[in-house]
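Please open the model in your viewer and keep the selection panel at hand.

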Amino acid sequence: MSAPHLDVEQVELANRAFYEAMEQGDFETLSGLWLTPADVGVDEEFHDPAETGVISCVHPGWPVLTGRGEVLRSYALIMANTEYIQFFLTDVHVSVTGDTALVTCTENILSGGPAPDGDELGPLVGQLVVATNVFRRTSDGWKLWSHHGSPVLTESDEDEGDDSPT
């Protein structure tokens, strides 16, 4: 087992690599950052690795996705439909216990799609999401086991839903 401060640094690097792969639209790198059935001892000869419920993901507003097939398909869809995305992570906290690591953070997301006329980038939209990323140590380093993102309601979001008389 490695020193605790090295584990934290390695998990921070793995977490950063996850968000960088998203920003760059690098599906191959992103796929390699997630646990595979072989990483946890599932015999792929008898189980379809795409459907084995090894990993899970919850995007804001989505149902829980389980298995490499569902999770990676969701990222492929997001990448295909997002022209630009950038993550500014704040409030990052890393906790490592044995071969499991927990990262909590706030994703300050700036994203945009194509403009209606298709020539340039459309309007940029900001969003706050609190995220929990769970990593597991493998022989190839730390890999994502689960990602859960929940939207943060802003003051204007709360005002829009307020039906009380003024």
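**Around the pocket**

Begin by selecting E4, which gives five residues to the lining of the largest pocket, the largest share of that lining. Keep in mind throughout that this is a predicted model. The pocket itself has a volume of about 350 Å³, and the elements that give two or more residues to its lining are helix H1 (4-24), helix H3 (68-80), strand E3 (84-97), strand E4 (100-114), strand E5 (121-138) and strand E6 (141-151).

Next, select His59, Pro60, Ile78, Ile85 and Ile109, which lie nearest the centre of the pocket among the 21 residues that line it. If you then colour the lining by class, you will find 11 nonpolar, nine polar and one charged residues.

**Aromatic side chains**

Now show the aromatic rings, of which five pairs are found in a search of the whole structure. Zoom in on phenylalanine 18 and tyrosine 75, whose ring centres are 5.9 Å apart and whose planes stand at 80 degrees, over the 60 that edge-to-face requires, so the pair is classed as edge-to-face. This pair links distant parts of the chain, since phenylalanine 18 belongs to helix H1 and tyrosine 75 to helix H3, 57 residues apart. Phenylalanine 18 is buried, with a relative accessible area of 2%, and tyrosine 75 also counts as buried, at 2% relative accessibility.

Finally, select arginine 136 together with tryptophan 145: the charged end of the arginine sits over the tryptophan ring, 5.2 Å from the ring centre.

Conventions: Residues numbered from 1 in each chain as written. Predicted model: local features only at pLDDT ≥ 70, side-chain atom pairs only at ≥ 80, totals over all residues. Heavy atoms only, no water. 1 Å grid on protein atoms, 1.4 Å probe; cavity = no way out; pocket = protein on both sides within 12 Å on 5 of 7 lines; lining within 4 Å. Points joined across faces, edges and corners; volume = space filled by probe spheres on them. Helix = DSSP H or I, 4+ residues; strand = E, 2+ residues; numbered from the N terminus. Nonpolar A, V, L, I, M, F, W, Y, C, P; charged D, E, K, R; others polar. Phe/Tyr/Trp six-rings, centres within 6.5 Å; stacked < 30°, edge-to-face > 60°. Buried < 20%, exposed > 50% of the residue type's maximum accessible area, 1.4 Å probe, protein only. Lys NZ or Arg CZ within 6 Å of the ring centre and 35° of its normal.
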